[in-house]
Amino acid sequence: MLLLTLIATMVTAAACGESLDGGAACPSLCPSQTQNFRDTTFEAVMLDTSVSGFPSLGLSAMMLLANRPDTLVTRGVLRFDVLATSFLPNGVGPLDSITTVDSVYLTLPLDTTGRRGSAPVTIEVFDVDTTASDTVTAVVSSLFRPDRRIGSMTVVPSLTSDTLRIPLSRTVLERKIADKAPLRVGLRMTGGTGQLRIVAFTYDAGAPTLRYDASSDTVYSQIVVGTNTSLANAIADVNLAYQVYSIIDHTSPAVGADALVVGGFPAYRSYLRFRIPSYITDSSTIVRAELLLTQRPSTFADAGDSVAIAALVPTTTESVTDMRRVLDLSADGVFASIDTTRLVPRDSGLKAINVLTLARNWRLLPGNVPRALAFRINREGAQAAELRFFSSKTSTPSLRPRLRITYLPRSEFALP
């Protein structure tokens, strides 16, 4: 047995001492011999485009309330369609009807990170309920009138705490409760330049609420009402979309045919589909993959701040041609170790975005799923910075997107 082991060792050493054509003829016997890595950069883009309107109504964690006339002006709408009309005196029954109220507040939890503005601004609250179609932006916008203002507060955005408590009109709420009518409030920032990010998840413990007390000599708990809707015959998605949402008065310029945009408000996502030989994606070990994009400067919103761009993996088949749906269904964070790349919107020049993890996972996708990448801005919907790049439609070839891949070809061999 010892002799056989010694012979096998000698054969292996002799084989590894030979110079064999091809370099990988016996990788199992000669682990020290390696293939040469191959590096290629090519214009492999079959299709690239940008689609606006992200995140979808009702799916943003934040509502951005901004008054920046040179770049972005937004308003907000919150619906409290089902108000509490009775209370439990002394913690026991029976229920008493609410006829008068005290201490009426709109409570807005805030995200206090990022740039907000250091000048005083006034947050105005309006009653935007209407018998007309209040899912039409023009209808709701027309209701931000002085005669409909029901509350206000002046604050310095950069000095605010994590919650705003804006006092509202008692008489308006008493009338709503008596009529069993909804309270739909509109928010507008005036009197200065700034922005606030309002936590908007409607099922989160820190979501916007309407708080009021029933006027009574008895002991009772404060009434807290979360955002909700009573839209007739509405499906769940519509109910969610119109509980907390934004109205945009002024935003960034439209995207040209020769541009790709990531971010902005409402945010863009960009999609790129590639034509790559299968021997690279399926039959090689990819050790480096970078998307080379030529950035063009943006002056919109916080153009001097560093922002992160995150990659997505489109997983829909070739039969899905609606690009909005393709981007909605793109995998976000499914694969581990997906890095983000930080860029400054006002910068320009060639940028290399690491897409190694995503490129390696192309081999896991079925054959009828295009090899593609998509990108979104980090904190999409909570900040307005945008990144602009030249697309494949630009007339200057050197500015078009390119893919740079370093790979190790797979060796085909058979043991003797």
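Visitor: What pLDDT does the protein average?

Guide: pLDDT is the predictor's confidence in each residue, from 0 to 100, and the protein averages 82, with 82% of the residues scoring at least 70. This is a predicted model, in which local features need pLDDT of at least 70 and side-chain atom pairs count only at pLDDT 80 or more, whereas totals for chains, interfaces and linings use all residues. Residues are numbered from 1 along each chain as its sequence is written, and side-chain values use heavy atoms, with hydrogens and water left out.

Visitor: Over which residues does pLDDT stay under 50?

Guide: Where pLDDT is low, the predicted coordinates should not be read in detail. Here that concerns residues 1-33, for which the model has 17 contacts (heavy atoms within 4.5 Å) beyond four places in sequence.

Visitor: Is alanine 308 buried or exposed?

Guide: Buried means under 20% relative accessible area, exposed over 50%, and partly exposed in between, computed with a 1.4 Å probe and protein chains only. Alanine 308 has a relative accessible area of 5% and is therefore buried, while buried residues make up 47% of the 416 residues in the protein.

Visitor: Where does alanine 308 lie, and in which strand?

Guide: Helices (H or I, at least four residues) and strands (E, at least two) are DSSP runs numbered from the N terminus, and alanine 308 belongs to strand E19, residues 307-312. Leaving aside neighbours within four places in sequence, alanine 308 contacts Thr340, Thr341, Arg342, Arg376, Ile377 and Asn378; the C-alpha atoms of alanine 308 and isoleucine 377, 69 residues apart along the chain, are separated by 6.1 Å.
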